[in-house]
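Subject: Structure handover

Hi,

Here is the structure I promised to pass on. Please open it alongside this email.

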Amino acid sequence: MSISSFLNKSLVAAGIALLLTATSTLAMAQERPDLVVGVADLPATLEPGKELSNVGTRVNYSVFDTLIRRDFLSAEGGGGSALVPSLATEWTRLDDLTLEVKLRDDVTFHNGAPLTAEDVVFTFSPERLSGENAVLSEGPAYFSVLAEVKAIDDHTVQFVTKAPDPLLEHRLSSWASWIVNKADWEAKAATDGGIPMFPIGTGPFMLDEYKADESIRLVAFDDYFGGKPTAASVTFREIPEPSTRVAGLVSGEFDIITNVAPDQIPQINGYDDIETRSVVLANSHVLAYGTQDPVIKDARIRRAMNLAIDRNLLNEALWGGRAVVPNGHQYPEFGDMYNPDHKGLQYDPERAKELLAEAGYDGGLIKYTTQPNYYLNALPAAQAIVEMWKAVGLNVELNVVESLSGLDMAALQVRTWSNSTRYPDPVGGLWNLWGPFGGPQRGAGNWAGTENLERFNELGRIIESTVDLEIRQPAAFEMLEIWETDAPGTILYQPLETYGVSKDVNWQPYTFYYMDLRPYNLSFND
């Protein structure tokens, strides 16, 4: 059977029979709807500096605020990058190293405590987030650039960096920068083993009920500085099976569902009261390789694996051609830091066979580990890639697990992952995720001991510590080449993220996994 036929049969088998009639009824409470969202998975905690995942940021974005907000609605399609005030009213560069931020004086946390500069200083403190030994271990990937965060008065904070940082404002608007209440965080940390599961924020919704692996219910915080929330509550319900989510949307059980497969789009759009809304994510599905594994330790074998993947075929068969295969681990929104001449992610099975022969590959078993539902189309993509690898002579076995939790990540030869572009710059993608504080070098241990790793890290420290384009640009371009030469992983594509939505709900999805449910992006038809 051809790989194309295999993929088509997989998609047909995954098709669902939708109900014949559809109603989408928003339950009313306090004259505002109770919104119900069907999702594939839920986060294990609402600590916003720990749960840095697609499922975590989707929920936490409504509970916490950043100092500066990225206005995704500033461009058509939910991909804008303009920076606007949020908890901060203004920010000023005092010199090459110092950014001064003025805070709003009308913000309260969900427990009624006022937001002060002390909370901001604590949020970014070395102990919690920015230090090498921060309790939130991913924090340094975002904020190790900080030398000091200091309170000037109750509503003025200065951020001092170790070197000129061209992206500090973007950092303060993005991942890991959500502000927590110092007193609440410390009190809960004392009883939750050092990291609180449910710290409080200032966002439009606050936690009401958490049921592990079942649901998370948030209720409106009517003292929200950004205006009274338009929904009385938002409940995220975990429904791993895609067909069950769609059936719930059709029946009116859910008002929004996530992770709609491309083949389900025309079916959903065939109803009068529900529809699909799609965006291509600023996120790529990737594979991470265990570079120290004896079978694939030779980089030529890993490069052969990458050359054997026909990404355009995957895109057409799995995504209807609506995903995007980027030009390497870089994106046009990087501007001057994007290399349009780079020739990345090539498909060349004959060259793959040559590299395997050069490396003396002897048929050692390679296990490809994936979860079936965490990433949309992860399983059919894995099944197809296994066949592509077998076609060039690799001995591959698919290992499907319900969860990666508890597994020794460093021992996995191949695992599925995704990379979101945190900022419109290589610092927010390749460096942030694959540098010393990113998962592959740090906890997962997938990238270690390769020939060019030290040089990659040297270049990364350069691009995060200078504003000089003539220095930054060649350093970033060389990092891109090193990543593909050492081949600790590969990009597959930028997925199409499709939501099923009741037509009664006025809501625009973003190119991030954030679900922005603030009043300016959520309203309801009468």
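Below is what was found, topic by topic.

Please keep in mind that this is a predicted model.

To find the spot on screen, go to Y368, which stands opposite V414 in strand 17. In general, strands of a sheet pair through backbone hydrogen bonds, either parallel or antiparallel.

**A hairpin**

For the antiparallel sense, go to strand 5 (residues 88-93) and strand 6 (residues 98-103). Five bridges pair these two strands. They form a hairpin, with four residues between strand 5 and strand 6. Here T92 stands opposite E100 in strand 6.

**Salt bridges**

How many salt bridges does a search of the whole structure find? The count is 23. Side chains of opposite charge can pair when their charged atoms come close.

Start with E350 and K353. Their side chains meet in a salt bridge, at 3.5 Å from N to O. Both residues lie in helix 12 (residues 349-359). They are three residues apart, which is about one turn of the helix. E350 has 48% relative accessibility, so it counts as partly exposed. K353 is also partly exposed, at 36%.

Next comes K367 with E397. The closest N and O atoms of this salt bridge are 3.8 Å apart. K367 is partly exposed, with a relative accessible area of 36%. E397 counts as partly exposed too, at 35% relative accessibility.

Then there is R455 with E478. In this salt bridge the closest N and O atoms are 2.9 Å apart. Again the pair links distant parts of the chain, 23 residues apart. R455 sits in helix 15 (residues 453-463), while E478 sits in helix 16 (residues 469-486). R455 is partly exposed, with a relative accessible area of 31%. For E478 the value is 31%, so E478 is partly exposed as well.

Finally, the network. Salt bridges link D65, D516 and R518.

**The largest pocket**

The largest pocket holds about 1400 Å³ of space. Its lining has 49 residues. The closest to the pocket centre are E51, S53, Y374, L404 and M409. Several elements give two or more residues to the lining: helix 2 (54-60), helix 5 (140-143), strand 17 and helix 14 (430-434).

Which element gives the most to that lining? Strand 17 does, with five residues.

Most residues other than glycine have a negative phi, and most peptide bonds are trans. Two residues are worth a look on this point.

L345 has a phi near 55°, a positive value in a residue other than glycine. You will find L345 in the loop between helix 11 and helix 12. Is L345 buried or exposed? Its relative accessible area is 18%, and the cut-off for buried is under 20%, so L345 is buried.

A487 is not a glycine either, yet its phi is positive, about 50°. A487 lies in the loop between helix 16 and strand 18. With a relative accessible area of 0%, A487 is buried.

That is the handover.

Best wishes

Conventions. Residues are numbered from 1 along each chain as its sequence is written. This is a predicted model: local features need pLDDT of at least 70, side-chain atom pairs count only at pLDDT 80 or more; totals for chains, interfaces and linings use all residues. Side-chain values use heavy atoms; hydrogens and water are left out. Two strands pair if DSSP finds at least two bridges between them. A salt bridge is a side-chain nitrogen of Lys or Arg within 4 Å of a carboxyl oxygen of Asp or Glu. Buried means under 20% relative accessible area, exposed over 50%, partly exposed in between (1.4 Å probe, protein chains only). On a 1 Å grid over the protein atoms alone, a cavity is a set of points where a 1.4 Å probe fits but cannot get out, and a pocket is an open set with protein on both sides within 12 Å along at least five of seven lines; lining residues have an atom within 4 Å of a point. Grid points are joined across faces, edges and corners, and a volume is the space filled by probe spheres set on the points.
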